[in-house]
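Hello,

Here is the structure I promised to hand over. Please open it, then read my notes below.

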Amino acid sequence: MKKGRTSPGFIRHIHPVSIPLKALELKSTWALGGISLILVMLLMGSGALMLFVYRPFPAYAYASVLELKNQYSFGQMIRNMHYFAANLLVVTVFAHMLRVFFTGGYQGQRRLNWIVGVYLFCCVLLSCFTGYLLPWDQTAYWAVTICINMFGYIPGGDILKGLFVNSHGVSEKTLQLFFTLHTTGIPSLMILFMGIHFWKIRKAKGVVTSGLNLLTEAEKPVMVKTNPHLLLREAVATLILVAFIMVLSFFFDAPLGDMANAGLSPNPAKAPWYFSGFQELLLHFHPFFAVFLIPFMLLCTLFYLPFIRFKHRDIQDEGVWFISSRGKKIAVAAVLFAMILASAFILVDEIVPDVQTWLPGVPVILSEGVIPFGLAALLVLLFHFWMKKQFRLSDAEAFQTSAVFLIITFMIFTLTCVWFRGEGMKLCFLGGCG
Ligand code: HEM
């Protein structure tokens, strides 16, 4: 560090020399982006170590995971750290995305960074999914088989499926492709996108912070030096997070079932938890809607979101959680509505006989696709306009309320599939799920 400088050169590429005091408040970001970054670094480090032992061939992959456990000091611990960091990353990146959304950090000059973030989110999911297969155990093999079979319902999906599997289904070809994507392709993309992400944050002069936009030219926000104020916090957060993952990895092992057996499908066979929401949707909607149309609409909304112009939304709202205190109360109401309606929908759909029994002869795409999807979309629209009128919400508040409703609904679907689906994917409760 040269004399007179406040922090080393490379730090000044990432952080400004000083930042507003307000941006240091935990509630402005909950440090979720920073935590995600630490987890990515932990994943890259532990993954690189495992590469010394792991062999990406169906005949050796499972054995090499056992070898890591039994023949290397801390081998199992490193695998555990990789496993817990990956699962936690899905949670923290999703939470970070929600934080940015609910503080309005996706607008104006941060628009492009939101789009980069969406790519990063896809990379995180793909990275976890491709890594899921590598231990080559029963859970991994069948979870990936289920997900790849979903491609069959997408227009042109058979071509996509052909890229990953051969006539025997998930095979050596799949394992090697997943291995290459997991260890080279996706990490390279993530490093590129993260570089752009941090550069854009720097260019936007840090994170979105409530109240700063309201200051006039003459008023200056209270500033503090990045070093030590921010750097010290970052160092402490890193140490706590790494210690937490290490303690978790010391006491709990990453799961490893029996070696993959293409002739013996477990019942139920479930997708990885972060795709379980879509597997649950498959039980209620025609596959075209569950694994193509709904995810496609979701992705389009994520990309289009920063370009929506809301009436009455102004810069005063930037950095304010849920737009206003009224927005906060309405969001809580939307959570309750979603919990009740989504659970009721799942229960009713389980009890009521298939639509085909009362409407025989109606094409399945109508009875299990267009009709239930149309009804669900109508319900969301009615909820949107009813809340808007009832509570005199602005366009942005009403949009946010519907978003909360849909996010919670998707979470209920995910939890139901993970915890309450047993043999034959039937609903089960507590001990009944076996
Ligand atoms: C590996 C994944 C990611 C990493 C490591 C990451 C990291 C970060 C960091 C460190 C920040 C600074 C503030 C904070 O800690 O919250 C940030 C801000 C931001 N992130 Fe991410 N991020 C990731 C994924 C995403 C995703 C999925 C989105 C949205 C789709 C997103 C959108 C943004 C935006 C728009 C900002 C600026 C917001 C503001 O100024 O308040 N990021 N990110």
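**What was found**

H96 counts as buried, because its relative accessibility is 18% (buried means under 20% relative accessible area, exposed over 50%, partly exposed in between, with a 1.4 Å probe and protein chains only). Please note that this is a predicted model, where local features need pLDDT of at least 70, side-chain atom pairs count only at pLDDT 80 or more, and totals for chains, interfaces and linings use all residues. Residues are numbered from 1 along each chain as its sequence is written, and side-chain values use heavy atoms, with hydrogens and water left out.

Now the metal. H96 (NE2) and H197 (NE2) coordinate the iron atom of the ligand at 2.0 to 2.1 Å (donors are N, O and S atoms within 2.8 Å of the metal, or 3.2 Å for Na, K and Ca; water is not among the atoms, so sites may look incomplete). The pair links distant parts of the chain. H96 is in helix α5 (residues 75–102) and H197 in helix α9 (residues 172–203), 101 residues apart (helices are DSSP runs of H or I, at least four residues, numbered from the N terminus). H197 is buried too, at 13% relative accessibility.

Next, N113. This residue lies in helix α6 (residues 111–133). N113 counts as buried, at 9% relative accessibility. Not counting residues up to four places away in sequence, N113 touches I196, H197, K200 and I201 (contact means heavy atoms within 4.5 Å). So one of the iron ligands, H197, is also a contact of N113.

Last, F178. Leaving aside neighbours within four places in sequence, its contacts include F129, L133 and I148.

Best wishes

Conventions:
Helix = DSSP H or I, 4+ residues; strand = E, 2+ residues; numbered from the N terminus.
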